[in-house]
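Please read them with the structure open beside you.

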Amino acid sequence: MQMIIKILGPGCKNCASLTENTKEALSELNMEAEIVKITDYEQMAAYGIMSTPALVIDEKVVSSGKVLKTKEIIKMIERLVQ
Amino acid sequence: MFVFEWLNDQLLKMTWLSDLIRLLVQNVFGLDITQRLGGSIHFFLYDTIKIFILLSVLIFVISYIQSFFPPERTRKILGRYKGIWANLLGALLGTITPFCSCSSIPLFIGFTNAGLPIGVTFSFLISSPLVDLASVLLLASIFNWKVAVSYVVVGVVLAVTAGTIISRLKMEKYVEPFVFSNKVLDVEQASLTVKDRASFSLEQVLGIVKKVWLYVLIGVGIGAAIHNWIPQDIISAVLGADKWYSVLLATFVGVPMYADIFGTLPIAEALVAKGVGLGTVLSFMMAVTALSLPSIIMLKKVVKSRLLLTFVGIITIGIMIIGYAFNAFGSFLL
């Protein structure tokens, strides 16, 4: 089943940077995943986060309030895939 | 006392920098600093460099402190208090919690879900953009400590009062229902090492400088223009301390605008130097930072119109009262 990565945020620059870094991480890992951008607060609230942007991988919140660097995202994905 | 003044002059007012730039403008550019062109160039260079140095150092130190107070921890702390103390603590924590304005909505939802009264959440949301430790220190640098401390006290009082009124009016029913129905995510707070905190603080400095450098330059540019090019009479006529409408004008112009507070400081400095009342200038700064069209639009998604209007109304009136008060009593501070 394909990995689903969700980026939660209202659409400011931070969310765009997080999306960029996620795409980079995936390409470096040679992995494919569906990237979904969630900008609706009602949907975001369901994940219980308190700050944006947030990164959700396969419904698990791996980070909130930080624009993770590509390296950090790679580590997160590797840890989850193990 | 003398040591404090010397430190204040060197570190915050950076008199050495002003002298250095003066030498540069006079000897290298060959311009007279008392004349318009020389004066504006001096102001522009000195203020820009001063603000960027202060900005970097202050944001680093404050981010380091802030790394101890992520929103999740603030929420836990606030949950233990009741009544006006909770509002007060909310307002105080708002000043030191790291908080990008786009996070205001998730934060609002997160606080409310955990059971915090919305008045407390609002006290936090009001004080956060309004009273920013870094800008308080910049206020001390540009004006003096009495002004800076008064600004903090007044900002916190405004936040607590507004939050308490909202709670008393029992406006919970005006919050969109979806806000209440969600789970509270208690992310395990990994303990941060000194290195983690230092690198976080450095990231914050770089990130914020990248975000606000243009605002600062524009602000200093406008400040320089006001300082040297716009005649005193025009400014007095529109914004003079004695004009009863100056506070209203400053507030209403500031409310829909958003600019980073660091950009408004050089403008404030120049206006006060031209005889605009301290209160008028503070009203403008508060209106610009506490309220803005983008943040109101975002709040509209989680809060119904009546609560939103109450919120905007209380803050606007509060800012105006503060403006008039500072205009009336400000001379004792400057």
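1. Where pLDDT is low, the predicted coordinates should not be read in detail.

2. For the complex, the predictor reports an ipTM of 0.78. The pTM is given as 0.78.

3. Chain A has three helices and four strands. Read from the N terminus, their order is β-α-β-α-β-β-α. The radius of gyration of chain A is 12 Å, close to the 12 Å from the globule rule for 82 residues, so chain A is as compact as a globular protein of that length. The C-alpha trace of chain A spans about 30 × 25 × 15 Å along its principal axes.

4. How much of chain A is buried? Of its 82 residues, 35% count as such. As for contacts in chain A between residues at least 6 apart in sequence, 64% of them join residues at least 24 apart.

5. In chain B, look at the packing of helix α2 (residues 15–28) of chain B on helix α3 (residues 36–66) of chain B. Their axes lie 9 Å apart and meet at an angle of about 140 degrees. The pair α2(B) and α3(B) is therefore classed as oblique; roughly antiparallel would need an angle over 145 degrees. The crossing of α2(B) past α3(B) is right-handed.

6. Which residues make the contact between α2(B) and α3(B)? From α2(B) come Leu17(B), Ser18(B), Ile21(B), Arg22(B) and Val25(B). On the α3(B) side they are Gly38(B), Ile41(B), His42(B), Leu45(B), Tyr46(B), Ile49(B) and Lys50(B).

7. Is Lys210(B) buried or exposed? Lys210(B) sits in helix α10 (residues 194–228) of chain B. Lys210(B) has 10 C-beta neighbours inside 10 Å, and the cut-off for exposed is 12 or fewer, so Lys210(B) counts as exposed. Ser305(B) is 95 residues from Lys210(B) along the chain, and 35 Å separates the C-alpha atoms of Lys210(B) and Ser305(B).

Methods
Residues are numbered from 1 along each chain as its sequence is written. Chains are lettered from A and ligands numbered from 1 in the order in which they are written. This is a predicted model: local features need pLDDT of at least 70, side-chain atom pairs count only at pLDDT 80 or more; totals for chains, interfaces and linings use all residues. Helices (H or I, at least four residues) and strands (E, at least two) are DSSP runs, numbered from the N terminus. The radius of gyration is taken over C-alpha atoms; the globule rule is 2.2 Å times the number of residues to the power 0.38. A residue is buried if 20 or more other C-beta atoms lie within 10 Å of its own, exposed if 12 or fewer, and partly exposed in between; C-beta atoms are placed from the backbone. Two residues are in contact if their C-beta atoms, placed from the backbone, lie within 7 Å. Axes are lines fitted to C-alpha atoms, for helices over the stretch in contact, and angles run from 0 to 180 degrees between N-to-C directions. Angles under 35 degrees count as roughly parallel, over 145 as roughly antiparallel, 65 to 115 as roughly perpendicular and the rest as oblique. A crossing is left-handed if the near helix is turned anticlockwise from the far one by less than a right angle, and right-handed if clockwise.
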